[in-house]
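Subject: Handover of a structure

Dear colleague,

Please find the structure below, followed by an account of what was found in it.

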Amino acid sequence: MGVRLPVERLKNMGLKRSFVLLASLCLLASAAMAAGICIACRQIAGGYPHGGIAIALDGTVTELAQPTAEQMRVLRLLNGIEMVSIAVLPVGGLGLASVLFYRLKLKRPISILQMGMERVRAHDLDFTIPAVSGDELGQVCGAFEAMRAELLRTNRQLWRQAEERKRLNAAFAHDLRNPVTVLKGTVKLLRRGGAEEQALDRLDAYTRRIEQYVEAMSGIQRLEQLPVQRGPVSLARLGEELEETVRLLAPALERSCTVPEAGQAALDHGLFLTAAENLIANAARFARTRVDISLRAGGGFLTLAVADDGPGFPPELLKTGPKPFGQQSGEADHLGMGLYGSALLCRKHGGELRLKNCPGAAALASFQIGGQA
């Protein structure tokens, strides 16, 4: 614990300060070793004769013993050891400081950054960069981790946007079919000599709606960016449009439409009709003999329910909810996209789409939006 604590402190210390500290400690240690070696060498050398003369206080001159050749070699060796230790040990101390600095401060952050760069180069962002220290390299690792997380978030967002664009294109392509069907039905009425003024008004209204679809396709990239432009619409008008829609989309079926006689709703008229047409078109596609529509207002919400006496919704659809291109009983492209588009439009209105199977009305699809005025 006593060793680990200084090491942890050193790891969190700045690079410049930590290098200076390590270098100072290693130089002090090398100087102490050099001094110890010099003292030891001189103590050893003190036991050997050095030759020369000794002059006493009374002037007496005494000749000292001369070292032998072997002793001279030892003395020269000890002197060389002193010189080498003084010159080499400080350099070795600096080298040791560099090695310790690399191992304690540089090795792990550099290896982690190299690993991160290799994985990013391989387009793999599903990893994390751990927090290694509190120094400059630790901050670089933290910045790399933040960059990796942002790249991963951006890639996922781009992927979701690409998927949403696919769903948006498919949803609008699907939604264009219903106005075209109404236009075809109107053309048939005109050929049969129906009410021309009403038919022309219908042609004009649905042509403008198709034009709005085309403009929306060219002006938005994501379904969530589609603006909801609420405005007051009378419930009686919605009832007339629903009756007309079910009559044109299900001309061979029995049908009923229950709508309040008075009241208004604050909603996006075009989006509401698009969602309603999706539900009615799906009901007409699977109904055996009849389609029933009811519009209710209450509690600040507007609820549209579309029921048919067909085979009912598949259990998987009731479990997972509508999805684009869902594989449902061979009719996935129709059932999935129509209900999925309605669900998205309901959510944009702050509501939800509900699906269930009921006795007497095999399939019941209803959406509730906050739109009662």
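**An exposed loop residue**

His123 is exposed, with a relative accessible area of 76%; here exposed means over 50% relative accessible area, buried under 20%, and partly exposed in between, using a 1.4 Å probe and protein chains only. His123 sits in the loop between α3 (69-121) and α4 (136-175). Helices (H or I, at least four residues) and strands (E, at least two) are DSSP runs, numbered from the N terminus. The phi angle of His123 is near 65°, a positive value in a residue other than glycine.

**What kind of model this is**

This is a predicted model, in which local features need pLDDT of at least 70 and side-chain atom pairs count only at pLDDT 80 or more, while totals for chains, interfaces and linings use all residues. Residues are numbered from 1 along each chain as its sequence is written, and side-chain values use heavy atoms, with hydrogens and water left out.

The average pLDDT of the protein, that is, the predictor's confidence in each residue from 0 to 100, is 80, and 83% of the residues score at least 70. Over residues 327-335 the pLDDT is below 50. Beyond near neighbours in sequence, this stretch has 24 contacts in the model, a contact being heavy atoms within 4.5 Å. Where pLDDT is low, the predicted coordinates should not be read in detail.

**The overall picture**

The protein has 10 helices and nine strands. Of its 373 residues, 38% are buried. Among contacts with a separation of 6 or more, 68% are between residues 24 or more positions apart.

**The nonpolar cores**

A nonpolar core is a set of buried Ala, Val, Leu, Ile, Met, Phe, Trp, Tyr and Cys residues joined through side-chain atoms within 4.5 Å. The largest one has 45 residues, and those with the most contacts inside it are Phe272, Ile293, Leu295, Leu302, Leu304 and Phe367. Helix α8 (residues 269-286) provides the largest share of this core, 10 residues. A second, separate core has nine residues, including Met13, Leu22, Cys26 and Leu106.

Which residues does Leu295 touch, leaving aside its neighbours within four places in sequence? Its partners include Leu235, Leu238, Leu242, Phe272, Leu302, Thr303 and Leu304.

Phe367 lies in strand β9 and is buried, with a relative accessible area of 1%. Leaving aside neighbours within four places in sequence, Phe367 is in contact with residues including Phe272, Ala275, Ala276, Leu302, Thr303 and Cys346. The C-alpha atoms of Phe367 and Ala276 are separated by 8.8 Å, although these residues are 91 apart along the chain.

Thr303, a contact partner of Phe367, belongs to strand β7 (residues 301-308). Thr303 counts as buried, at 11% relative accessibility. With neighbours within four places in sequence set aside, its contacts are Ser294, Leu295, Arg296, Phe367 and Gln368.

**The cavity**

On a 1 Å grid over the protein atoms alone, a cavity is a set of points where a 1.4 Å probe fits but cannot get out, and lining residues have an atom within 4 Å of a point. Grid points are joined across faces, edges and corners, and a volume is the space filled by probe spheres set on the points.

A search of the whole structure finds one cavity of 30 Å³ or more. The volume of the largest cavity is about 50 Å³. Its lining consists of Leu271, Phe272, Ala275, Leu345, Cys346, His349, Phe367 and Ile369. Two or more of the lining residues come from each of α8, α10 (332-348) and β9 (361-369), and α8 gives the largest share, three residues.

Pro49 lies in the loop between α2 (15-46) and β1 (53-55) and is partly exposed, at 23% relative accessibility. Leaving aside neighbours within four places in sequence, Pro49 is in contact with Ala65, Gln66, Pro67, Gln71 and Leu75.

Yours sincerely

Key
1 Å grid on protein atoms, 1.4 Å probe; cavity = no way out; pocket = protein on both sides within 12 Å on 5 of 7 lines; lining within 4 Å.
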